[in-house]
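Please read this briefing alongside the sequence and the three-dimensional view shown below.

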Amino acid sequence: LTWSTSGKGGKGRPLGTFTATANYQQTDNDNPLNEGFDELSTLFGSLNYSLRLGNQTSTFSFGTNYNSVQVFNRLTVGLGGTLGWRQQLADRKISINLSNTFNQNTVDGEADGFSNALRGNVVWRAGKLHSFNLGFSWLERTSSQGFGFSERRGMLGYSLTLPTKKKKT
């Protein structure tokens, strides 16, 4: 479930957007190989605000989030916030995106470290049909209960947009 509302931005005027998101999932798997992990439920909620400046090329965003995962009789909860920035350059042919999400975590009601996710990408539109993407993510999770890990990813992509035929009227 997502709800969003925004003002009336325009040339030389900033545009603010509020977005609220909620998601609940529950699974029940009868596979005997998943014993103990056969029931899983997740809940996610966020409230975000983004502001595109009057120059229409710079956007700043911030928000708060809540997530919980119940599996194997263990409840893990994260609560935190996100900061983001997007900048368009070269007549909007280049877009730079950077965001960071930080959460304090609990496991079964006890404090259990934090998670931090830093993400970024650069997109270059090389024409109407072609674009190139270079991205990264760095996720760090600390834990006193043995659930800590670190993950780094890089991505290099190419997109081809297929043109559509215009209908004759």
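In this predicted model, 9 strands form an open sheet in the order S1-S2-S3-S4-S5-S6-S7-S8-S9, with antiparallel pairing. The edges are strand S1 (2-6) and strand S9 (149-160), each of which pairs on one side only. On average, and with direction ignored, neighbouring strands of this sheet are turned by 10 degrees against each other.

**Pairing of S6 and S7**

- Strand S6 (residues 94-107) is joined by 13 bridges to strand S7 (residues 110-125), and the two run antiparallel.
- As an example of this pairing, leucine 98 has glycine 120 in S7 as its bridge partner.

**Threonine 106**

- Threonine 106 lies in strand S6 and is partly exposed, because its relative accessible area of 24% falls between the 20% and 50% cut-offs.
- Apart from neighbours within four places in sequence, threonine 106 is in contact with Leu75, Thr76, Val77, Ala111 and Asp112.

**Arginine 141**

- Arginine 141 belongs to strand S8 (residues 130-141) and counts as buried, because its relative accessible area of 11% is under 20%.
- The side chain of arginine 141 reaches the backbone oxygen of aspartate 112 at a distance of 3.0 Å.
- Once neighbours within four places in sequence are set aside, the residues in contact with arginine 141 are Thr76, Asn105, Val107, Asp112, Phe114, Ser115, Phe147, Gly148 and Phe149.

Conventions
Residues are numbered from 1 along each chain as its sequence is written. This is a predicted model: local features need pLDDT of at least 70, side-chain atom pairs count only at pLDDT 80 or more; totals for chains, interfaces and linings use all residues. Side-chain values use heavy atoms; hydrogens and water are left out. Helices (H or I, at least four residues) and strands (E, at least two) are DSSP runs, numbered from the N terminus. Buried means under 20% relative accessible area, exposed over 50%, partly exposed in between (1.4 Å probe, protein chains only). A polar contact is a pair of N or O atoms within 3.5 Å; within protein, one must be able to donate a hydrogen and the other to accept it, and residues adjacent in sequence count only if both atoms are side-chain atoms. Contact means heavy atoms within 4.5 Å. Two strands pair if DSSP finds at least two bridges between them. Axes are lines fitted to C-alpha atoms, for helices over the stretch in contact, and angles run from 0 to 180 degrees between N-to-C directions.
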